[in-house]
Amino acid sequence: MASSISSSVLRLLSSPRILPNPSAFSSISAFLLPSRSLVFSSPISFQPLPKSPSLAGPLRAQQQQEEDQEATASIDVSLIPPKLRDIIALFQSVPEPKAKYQQLLHYGARLPPLDPAFKIDAYRVRGCVSQVWVRAFADPDDPAAVRFEADSDSALTKGLAALLVSGLSGSPATVIARVPPDFVQLLGLRQSLTPSRNNGFLNMLKLMQQKALQLYIEDAKAEKNKAIESETKGTGKVEKDPILDQEKAKEISRESLSPSNGSASPSISSVADKKDSSEIYGDGIGGRKKRIVVRLKQALSPVELEVKDVSYLHAGHAGVRGSADGETHFNVRAISKEFEGKSLVKRHRLIYDLLQEELQQGLHALSIDAKTPSEAQ
Amino acid sequence: MAASLCHFPPAVSSSSSLFVGSKSRSLLLAVSPFKHFPSKSSISASLPWTRSYAVSNDAAAFSVASPSDLRESPSLGEITRPDFPILRQVVNGFNLVYFDNAATSQKPSSVIKALSEYYELYNSNVHRGVHYLSAKATDAYEEARNKVANFVNAADRREIIFTRNATEAINLVAYSWGALNLRPGDEIVLTIAEHHSSIVPWQIVAKKTGAVLKYVELTKEVPDLDQFKGLLSKNTKLVVAHHVSNVLGSVLPIDEIVDWSHKVGAKVLVDACQSVPHMVVDVQKLNVDFLVASSHKMCGPTGAGFLYGKINLLSSMPPFLGGGEMITDVFQDYSTYAEPPSRFEAGTPAIAEAIGLGAAIDYLSSIGMEKIHNYEKKLSEYLYYQLSSVPNIHIYGPAPSDTVHRAALCAFNVDNIHPTDIATFLDEQHGVAVRSGHHCAQPLHRALGVNASARASLYFYNTKEEVDTFIQALKDTIEFFTTAA
């Protein structure tokens, strides 16, 4: 399977009409590959180009082609879920760029419209050229699988969104989080991979991975609490094991946010988003705890509420990178009437829902202790 | 059809393709519809491209040659193109059509040469040293200042302050003049069509000082001058206005605006980023108090821009950034400051860039701003009327005519197609570079009732043929999105 994709990549990129994205010019230093066939078999040696001031356009274009082949050769196809691989194969079977775009538009046209209730900031992908919304939720039939919904006012972006929604829906969060953004190069659409606020595709993928991860964390917590709940002799009192919680969070973050090209961006976008929200809240950096307190107070009217920033316990592991100023992990202890009649899972879900914005802007995990006033006695 | 002659075949990727650029250019000259172009300014019915012109004779036929000149003469675009090496390239298989000049302009070889010569021959810190190289660098740097002063006809060379760009220049005025002179209740009048760089610094300083921002709205997609006059009062301390709008293409009557503003005792800051590169701008004639422009929009390097300010104003303003260069004496607890322009040029300046700007001014002056302006006027009309012929299109801003001058740029939207889709397809499938988004003018787009627009903006090295290519490409793009949907 991998080799068939590789050889069709070769066919794709050797076609003279498909010249690569000129925006990549400046960022990649010049090199010459000894010959194309070596791309897939032996280690590549890089030679600096002879100093020629009049490097005309078309020669640079050739370089670009070779660089592209080099780049796509390094994509680990096994990290791409099967549905997405099928989509890639479909695009590769269509060599003409214009037809590819038509294909993309078809995908977009088939995407079911997003409920206007979700066309709000909480689901927006950051980027200034078109509006894109993405929503992730657990598959009702298979809680381990993540499903996505998306929409955009730009037809091409909608096509890309549809592609991602089709290709990623149904996969578990850990698989989704590992999908390398480079896969888009296999489609032959000349999509830039440079992280920037303008890169709709990259930002979409990052947001989907982030949301999938959040679902995973929520779900894992709920599972664990269910297990503990069934263990204790139904007194309603639940012992929170903060160390186990943190271990789980560490484990998830470590395995999914691998130091590949992909992980650079979530930190970039999450830091940038954080700055956005601080503008809105006017609190500046350091306001997260306050915001959590305010939010929970508003919604739960708790008898007792304690919010503690324990990010320092997680400083240094992959999940925290990029959120250098802490505020990634909190202990929340709340006693409120609102929890009455709600199972533990429902209580946790309630709190996570209230803190949606924070979760999108750098908050990684919560350790929750939610009791009703009667339980607290 | 003239348009099909302009659409070059995709480049061949062999080593002989090194010559594609020049080959295509000679192709252009060989089959150029220019050969058939009338030298008189009349619309001939036999010419294919004039058929799609709008009715009036105001849209004069495209001609640069004098009426009596019967041999075909190349346009300013054709003459100057060879000076810009970057334009000779193939993008996505098509010859590059660069229509994003309002964002940044391309640089002629002479400017690129000036930059590398500086570093190769006489790079040295300015104003500080005594040795040969530093004297040479200082001379070149100050000579660049003189060039800028002459270019905008400033009375005194000290009225030109080099900044990083126009945005920094506006911030300079906001933090220095603004912070000192604005009091609670003072009003700053801006138009809704201002660039973010002309709005945000004033929002920040207004918050600090208690001043209030008042906006001139649009009427028929241009700023409402009657409303503007109505907004002026004894509370108005500053008027911030663009000279040429980067979205609407409209031109404001700055001389009149300055007149009205001075009558109520308000100062005027003009954002001339889209005017200085394209026409003669005379600060004395306009009598503005402050004027800003960017080097990179006028064939100069990025990293340079300038603020023009009347010398008596600048002399009364406190420093913006502190550091070396802008001081006279430095003690432990306090320092005394230099006179303008040094007072506002802290630290080592962008020396090469300023010299590059000087070289750009030399280049522009060698062509002549009048000539550039006249050529662009015709290009603007051609672009506007050709675009108007595209179905379901809406172009923002005024229609050009004898009395209404419009810059050679068009921001537009096509019904039911997102501008980003248009810009992406134009680039990927036709090598045409336009911009899509809000062009740093979100309040304006909100006033126009849209999220974003596509914008094609031209400069004197663009040609009529490129406009034809663009229109053809745009029609193809629209067809693609309407049939594929």
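Is A:Thr328 buried or exposed? At 0% relative accessibility, A:Thr328 counts as buried. The value comes from a predicted model, as do all others reported here. The residue is found in the loop between strand E3 (304-309) and strand E4 (329-335) of chain A. Its C-alpha lies 8.9 Å from that of A:Tyr312. In sequence, A:Thr328 and A:Tyr312 are 16 residues apart.

Chain A as a whole was examined next. It holds 13 helices and five strands. The chain has 377 residues, of which 49% count as buried. Contacts between residues at least 6 apart in sequence were also sorted by separation. Of these, 69% join residues at least 24 apart.

In chain B, two helices cross. They are H4 (residues 109-122) and H12 (residues 351-367). Their axes come within 8 Å and cross at roughly 140°. The crossing of H4(B) past H12(B) is right-handed. H4(B) contributes B:Ser110, B:Val111, B:Ala114, B:Leu115, B:Tyr118, B:Tyr119 and B:Tyr122 to the contact. From H12(B) come B:Ile351, B:Ala352, B:Glu353, B:Ile355, B:Gly356, B:Ala359, B:Ala360 and B:Tyr363. By class, 12 residues of this contact are nonpolar, two are polar and one is charged.

A pair of aromatic rings is described by the distance of the centres and the angle of the planes. The search of the whole structure finds 24 aromatic pairs over all chains. In one of them, the rings of B:Tyr141 and B:Phe162 have centres 5.2 Å apart. Their planes stand at 50°, so the pair is tilted. B:Tyr141 lies in helix H5 (residues 132-151) of chain B, and B:Phe162 in strand E4 (residues 160-163) of chain B. The pair therefore ties together parts that are 21 residues apart in sequence. B:Tyr141 is buried, at 1% relative accessibility. B:Phe162 is buried too, with a relative accessible area of 9%.

Another pair is formed by B:Phe460 and B:Tyr461. The ring centres are 5.3 Å apart. The planes are at 70°, so this pair is edge-to-face. Both B:Phe460 and B:Tyr461 are buried. These two residues belong to a cluster linked by ring pairs, together with B:Phe84, B:Tyr363 and B:Tyr459. B:Tyr363 also takes part in the contact of H4(B) with H12(B).

The backbone was checked last. Most residues other than glycine have a negative phi, and most peptide bonds are trans. The peptide bond from B:Pro340 to B:Pro341 is cis, with omega near 5°. B:Pro341 is placed in the loop between strand E14 (335-337) and H12 of chain B.

A:Ser301 is not a glycine, yet its phi is about 40°. This residue lies in the loop between helix H11 (288-300) and E3 of chain A. A:Ser301 is exposed, with a relative accessible area of 55%. For B:Asn287, also a residue other than glycine, phi is near 60°. B:Asn287 lies in the loop between helix H10 (283-286) and strand E11 (290-294) of chain B. At 33% relative accessibility, B:Asn287 counts as partly exposed.

Notes. Residues are numbered from 1 along each chain as its sequence is written. Chains are lettered from A and ligands numbered from 1 in the order in which they are written. This is a predicted model: local features need pLDDT of at least 70, side-chain atom pairs count only at pLDDT 80 or more; totals for chains, interfaces and linings use all residues. Side-chain values use heavy atoms; hydrogens and water are left out. Axes are lines fitted to C-alpha atoms, for helices over the stretch in contact, and angles run from 0 to 180 degrees between N-to-C directions. Helices (H or I, at least four residues) and strands (E, at least two) are DSSP runs, numbered from the N terminus. A crossing is left-handed if the near helix is turned anticlockwise from the far one by less than a right angle, and right-handed if clockwise. Contact means heavy atoms within 4.5 Å. Ala, Val, Leu, Ile, Met, Phe, Trp, Tyr, Cys and Pro count as nonpolar, Asp, Glu, Lys and Arg as charged, and the others, Gly among them, as polar. Rings of Phe, Tyr and Trp (its six-membered ring) pair if their centres lie within 6.5 Å; planes under 30 degrees apart count as stacked, over 60 as edge-to-face and the rest as tilted. Buried means under 20% relative accessible area, exposed over 50%, partly exposed in between (1.4 Å probe, protein chains only).
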